[in-house]
Every structure is written in C-alpha cells, then in structure tokens.
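Please look over the sequence and the structure before reading on.

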Amino acid sequence: METKLMILASSLSDFALLGLLNEDTSSRLSTVQSLSSSQFNLIYNAFSLAIAAMFGSALFFLSAQAQVGQKYRLALVVSAVLVSIAGYHYFRIFDSWGAAYSLQNGVYTLTGVPFNDAYRYVDWLLTVPLLLVETVAVLALPGTEAKPLLTKLVGASILMIGLGYPGEISNDFTTRAIWGTLSTIPFVYIIYVLWVELSKSLERQPESVQKLVRTMRLLLLLSWGVYPIAYILPLIGVTGTSATVGVQLGYTIADILAKPIFGLYIFAIAVAKTKFDREQGNENGMAHDAPELDIVPATVKASS
C-alpha cells in the first residue's frame with residue numbers, strides 16, 4: 001500500500017511540473033476547449049511580441065555598455081541575461097501554445113498536447129531575483145548596504161514565486177486563493193524594502209537618479225500589479241475563454257513592462273550616474289567611447 005501511495009505521489013509531482021493535476025485539460029484555467037481565431041491569434045501574437053522585445057532589448061543592453069561607466073556595466077549585463085532568459089522561455093511558451101491548439105472549421109480546439117504553464121514559473125524563478133539584483137547593482141552601493149538588500153530581496157522573490165505556483169496550477173479556487181494570499185506576503189515585503197529601506201540609500205544619490213528610481217519603482221509596482229490581477233481572474237468569476245485570454249495576455253504585458261521596459265530605466269539610471277561621475281571628475285565612473293556623455297566642464301579637463 002505504501003509503495004502504491006509513493007508511486008501515486010511521484011506521478012502527481014510529474015503532472016504538477018506540467019501544470020496538469022487534472023487529466024481533463026479542457027477544465028484547466030489556462031486552456032479552454034476552443035478559441036475563436038481572433039482570440040487564439042491575440043495570444044499567439046502577444047507571445048511573438050514578447051519574444052521580439054526580450055531578444056531585441058538583450059542586444060541593446062549588451063551594446064550599450066560603452067555608454068556607461070565601468071562600475072554600472074554589471075547592471076546592464078544582468079539586464080541582458082534576464083531578458084535573454086525570458087526570451088528563451090517565451091519561445092517555449094509560444095511553441096507550446098501553437099502545439100496545444102489546431103484550427104478546425106474556423107475554430108481553434110485543443111489537440112490533446114498540454115499547454116505548459118510551468119515555463120512561466122521557471123522563468124520567474126530566475127528572472128525576478130535578477131531583476132532585483134540589477135536594481136541594486138545600478139546604484140553601485142557600498143557592499144555593506146548592497147549585500148543585506150540583495151539577501152532580503154532575492155530571498156523574498158524566490159519565496160513569492162514558489163508560493164504562487166501551487167495555486168496557479170490548481171483547478172480549485174480555494175486552493176488558488178490560499179496560495180495566492182501566501183505569495184502576497186513576500187511581495188508586500190519586497191515593496192517595503194524597495195520603498196523604505198532602499199530610500200535610505202537614495203539620499204546620497206544625485207537628484208536626477210532619485211527621480212528615475214522613484215519612477216522605476218512605480219513601474220515595478222504597476223507591472224507586478226498585473227500579475228495578481230491575472231491570477232485572481234478565476235476567483236472573481238472570470239472563467240472559461242475570458243480567463244484563458246485574460247491570464248495569458250495579462251502575464252505577457254506584465255513581463256514586457258517588468259523586463260525590457262524596466263531594463264531601459266536601469267540603463268537611464270546608469271547613464272545619469274555616469275554623467276554625474278564625469279561632472280565630479282570621478283575617473284572610476286567615466287564611460288569610454290561615449291561622446292554624447294562628454295559633459296565634463298572644460299576647466300575640469302584642463303586641470304586633469
């Protein structure tokens with residue numbers, strides 16, 4: 001008996017990895033039995049847009065390193081790695097979505113090949129901590145300040161993603177609500193760290209950087225706010241086709257805002273800090289081969 005239970009538990013674990021706790025895939029929140037051509041193509045094209053945004057921004061972040069000071073380039077490298085990981089997973093999501101449906105009599109119906117929602121959570125488990133790493137890295141804080149912030153933010157982000165996954169793959173609304181609530185606790189803690197604890201370090205930053213960081217945090221709150229909205233759609237009665245389209249479209253929009261668009265703010269902060277360093281004659285923060293950032297006063301150049 002114990003052996004049978006162990007085999008059953010192992011099987012359920014394998015299904016959970018694919019987001020399949022129920023053999024009837026048509027009853028899952030992420031897929032419905034049929035979609036109209038416009039509904040299927042809306043999600044299909046949204047995934048395609050996300051792939052282009054991720055890989056395009058990765059190329060930009062890598063090529064833009066010459067525009068910022070040496071000590072800020074790590075943040076751009078992290079940004080490039082982050083969106084590259086996201087681009088890969090969106091390619092897999094895109095492929096899985098196409099395999100899950102086929103066009104029959106003008107309607108897209110399930111093929112029996114499961115749509116794998118687990119790609120999103122694998123992606124978030126990697127990219128959300130990296131997103132918080134680049135946020136701290138671009139400020140070039142002293143190690144005594146940066147290390148505690150990173151420990152808190154990365155730990156809370158992993159906990160947030162891990163707690164959200166059991167609810168995401170569940171067909172039971174109560175289970176979804178419980179795990180969603182638990183996942184919200186570390187989310188609120190991350191917001192607290194970014195708004196309260198990080199603000200103490202911002203007091204020593206240039207005014208232009210402080211303004212950019214404030215806007216960046218609002219963007220983070222806005223983009224992350226889309227995730228719980230998409231997550232709770234089935235809990236407020238939005239089910240079937242509306243839930244499938246709403247969840248996939250909502251998550252995709254949030255990912256574009258939270259990764260390539262957020263990365264552009266990281267780049268803007270790096271540029272602003274580089275300009276400030278150059279104005280202060282700080283050679284360590286100077287960018288090389290970046291004539292558009294060459295705003296050092298002539299008197300400073302002459303003295304050097």
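How many salt bridges does a search of the whole structure find? The search finds 7 salt bridges, a salt bridge being a side-chain nitrogen of Lys or Arg within 4 Å of a carboxyl oxygen of Asp or Glu.

## Basis of the model

This is a predicted model, in which local features need pLDDT of at least 70 and side-chain atom pairs count only at pLDDT 80 or more, while totals for chains, interfaces and linings use all residues. Residues are numbered from 1 along each chain as its sequence is written, and side-chain values use heavy atoms, with hydrogens and water left out.

## Overall make-up

The protein has 9 helices and 3 strands, where helices (H or I, at least four residues) and strands (E, at least two) are DSSP runs numbered from the N terminus. Read from the N terminus on, the elements follow the order α-β-α-α-β-β-α-α-α-α-α-α.

Of the 304 residues in the protein, 47% are buried; buried means under 20% relative accessible area, exposed means over 50%, and partly exposed lies in between (1.4 Å probe, protein chains only). The accessible surface of the protein comes to about 14300 Å², and 65% of this surface belongs to carbon and sulfur atoms, with areas taken from the Shrake-Rupley method and a 1.4 Å probe. Among contacts (heavy atoms within 4.5 Å) between residues at least 6 apart in sequence, 78% join residues at least 24 apart.

Side chains of opposite charge can pair when their charged atoms come close. Lys 71 lies in the loop between helix H2 (37-63) and helix H3 (73-100) and Asp 277 in helix H8 (residues 240-279), so the pair ties together parts that are 206 residues apart in sequence. Lys 71 is partly exposed, at 36% relative accessible area, whereas Asp 277 is buried, at 7%.

Asp 123 and Lys 259 form another salt bridge, with their closest N and O atoms 2.6 Å apart. This pair links distant parts of the chain, since Asp 123 belongs to helix H4 (residues 118-137) and Lys 259 to helix H8, 136 residues apart. Asp 123 is buried at 2% relative accessibility, and Lys 259 is buried with a relative accessible area of 3%. In the salt bridge of Glu 207 with Arg 214, the closest N and O atoms are 4.0 Å apart; Glu 207 is partly exposed at 44%, and Arg 214 is partly exposed at 37%. Salt bridges that share partners also join Arg 120, Asp 123, Asp 255 and Lys 259 into one network.

## Packing of H6 and H7

Two packed helices are described by the angle between their axes and the distance between the axes. Helix H6 (residues 173-202) and helix H7 (residues 207-232) pack at an angle of about 180°, and their axes are 12 Å apart; the axes are lines fitted to C-alpha atoms over the stretch in contact, and angles run from 0 to 180 degrees between N-to-C directions. H6 and H7 are therefore roughly antiparallel to each other, a term for angles over 145 degrees.

The residues making the contact include Trp 179, Phe 187 and Trp 195 of H6, and Leu 218, Trp 224 and Tyr 231 of H7. By class, the contact has 14 nonpolar, 3 polar and 2 charged residues, where Ala, Val, Leu, Ile, Met, Phe, Trp, Tyr, Cys and Pro count as nonpolar, Asp, Glu, Lys and Arg as charged, and the others, Gly among them, as polar.

Conventions. Angles under 35 degrees count as roughly parallel, over 145 as roughly antiparallel, 65 to 115 as roughly perpendicular and the rest as oblique.
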